[in-house]
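Me: I have a model open and some quick questions about how it packs. Can you take them one by one?

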Amino acid sequence: MSVYSNFNRTSAKKFRENLQADCSSCFGLCCTALNISVSSDFAINKPAGTPCSNLGTDFRCNIHSDLRESGFKGCTVFDCLGAGQTVSQVTFEGKSWREYPETSEKMFSVFPIMEQLYEMMAYVSEALSYEISPELHKELLVQLQQLEGLTKLNADGLAALTIMEYRIPVNELLLKTSLYIRNKLIAKIGNTKNKRKLDYRGTDWMGKKLKGRDLRATDLRGSYLIAADLQMSDLRGVDFIGADLRDANLNGADLSTSMFLTQMQINSARGNKETKLPSHIKQPSHWSA
Ligand code: SF4
C-alpha cells in the first residue's frame, strides 16, 4: 500500500517536521557547490564547485562554533531541508566527490536542483497539514507524490529537470491554500471594525515600526521586512512565503500559526525565548534568551 493512501493532516505535519538537514550525512555540499560572494554574511569569496577553506577533510566545518564571530553569519542561516544528504547518500549512493572527483561536477550541479525540490516539498506538505477542502488536499497530494518521486531520480534525470514546470502549479496551489486558510481566520476573528488592509504582498516595510501590531491573516508574500520592528506583534495566519526577514526583531512575537515560514527566514531574524514559532521551526541557537 502506498504511503500516500491514508495521508492525512497528521502525516503531512510529520512529513514537514522531518524535512531537516543532517550535515553528518552530507559531503559538505553547501560549503562546496554554491557560489558565495564576500559580504557581511560571508568573509571570503568562494566560487561554485570550490570547497570553502574552512571545510575539513571529514566534511565538517572547522570553525562551526565560531561562525558568527568569524564573519560567517550566513552559514548559521542556511538550511537545505535535507537536500544535501539526499544528493550525497541517495543520488550518489554515499560516494563522495573527494573519493570520486570525476563525479564532483555533476554532484554540485544537482544540489541546487534538489534544494528546490525540497523547498517545494516543505511548502506542499505544510499546506497539506492545514484543514483544507478535499479537492485542494487531493491536488496538493498529487504534487507532493510527484516531487518526492523526482528526488529519487538519478543525477542525469535531476540535471534534465526544468524546475519552473513544477514551481508554477505548486505556487498556484499554495496561493489557493493561503487564501482558504486566511479567509477562514478572517471570518473567525472578524475584520469589520477597522477594515484592516490584509494584502501587503511585496510591500516594503524595511525598518518599519510595527511593535505590538495585530497583523493576523495578512498576506506578506515576498515582502521586505529587513530590520522591521515586529516585537510582540501577532503574526498568526500570516503568509510569509518569500518574505525577507533579515534582522527583523521578532522578540515576543506570535508566529505559532504563521504560514510558509522557513528555518532560513527565522535564522536570519532576531528573536528570543518568548517568540512563538510553528512546530517545524527550531529556535536558532544564536537568539538571545
Ligand atoms: S565557513 Fe564552515 S559552514 Fe560556512 S561554508 Fe565554510 S565550511 Fe561551510
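Predicted model: local features only at pLDDT ≥ 70, side-chain atom pairs only at ≥ 80, totals over all residues.

Reply: Start with Cys52, whose relative accessible area is 10%. The cut-off for buried is under 20%. Cys52 therefore counts as buried.

Me: Where is Cys52 placed, and which residues does Cys52 contact beyond its neighbours within four places in sequence?
Reply: Cys52 lies in the loop between helix H1 (9-17) and H2. Setting aside neighbours within four places in sequence, Cys52 is in contact with Cys31, Phe42, Ile44 and Lys46.

Me: What separates the C-alpha atoms of Cys52 and Gly28?
Reply: Along the chain, Cys52 and Gly28 are 24 residues apart.

Me: Now Gln85. Is Gln85 buried or exposed?
Reply: Gln85 is found in helix H2 (residues 83-91). Its relative accessibility is 16%. Buried means under 20%. So Gln85 counts as buried.

Me: Which residues is Gln85 in contact with, leaving aside neighbours within four places in sequence?
Reply: Contact here needs heavy atoms within 4.5 Å. With those neighbours left aside, the partners of Gln85 are Gln20, Ala21, Asp22, Ser25, Cys26 and Val90.

Me: On to the helix pairs. How are H1 and H3 oriented to each other?
Reply: H1 and H3 pack at about 150°, with axes 7 Å apart. Angles over 145 degrees count as roughly antiparallel. H1 and H3 are therefore roughly antiparallel.

Me: Which residues make the contact of H1 with H3, and what are their classes?
Reply: H1 passes H3 in a left-handed crossing. Arg9, Ala12, Phe15 and Arg16 of H1 meet Met121, Ala122, Ser125, Glu126 and Leu128 of H3. By class, that gives five nonpolar, one polar and three charged residues.

Me: How is H3 oriented to H6?
Reply: Helix H3 (residues 104-128) packs with helix H6 (residues 164-189) at about 25°, and their axes are 10 Å apart. Angles under 35 degrees count as roughly parallel. So H3 is roughly parallel to H6.

Me: What makes up the contact of H3 with H6, by residue and by class?
Reply: The crossing of H3 and H6 is left-handed. H3 supplies Gln116, Glu119, Met120, Tyr123, Val124 and Ala127, and H6 supplies Tyr166, Arg167, Val170, Leu174 and Thr177. By class, the contact has seven nonpolar, two polar and two charged residues.

Me: H6 also packs with H4. What are the angle, the residues and the classes there?
Reply: Helix H4 (residues 134-150) and H6 pack at about 145°, with axes 11 Å apart. The crossing of H4 and H6 is left-handed. Leu136, Glu139, Leu140, Gln143, Gln146, Leu147 and Leu150 of H4 meet Tyr166, Pro169, Val170, Leu173, Lys176 and Thr177 of H6. By class, the contact has eight nonpolar, three polar and two charged residues.

Me: Last one, Gln265. Is Gln265 buried or exposed?
Reply: Gln265 sits in helix H7 (residues 263-268). Its relative accessible area is 8%. The limit for buried is under 20%. Gln265 is therefore buried.

Me: Which backbone atom does the side chain of Gln265 reach, and at what distance?
Reply: Not counting residues up to four places away in sequence, Gln265 touches Phe240, Gly242, Ala243, Leu245 and Phe260. The side chain of Gln265 reaches the backbone oxygen of Phe240 at 2.9 Å.

How values were computed: Residues numbered from 1 in each chain as written. Heavy atoms only, no water. Axes fitted to C-alpha atoms, helices over the stretch in contact; angles between N-to-C directions. Helix = DSSP H or I, 4+ residues; strand = E, 2+ residues; numbered from the N terminus. Parallel < 35°, antiparallel > 145°, perpendicular 65-115°, else oblique. Left-handed = near helix turned anticlockwise from the far one by under 90°. Nonpolar A, V, L, I, M, F, W, Y, C, P; charged D, E, K, R; others polar. Buried < 20%, exposed > 50% of the residue type's maximum accessible area, 1.4 Å probe, protein only. Polar contact = N/O pair within 3.5 Å; in protein donor to acceptor, adjacent residues only side chain to side chain.
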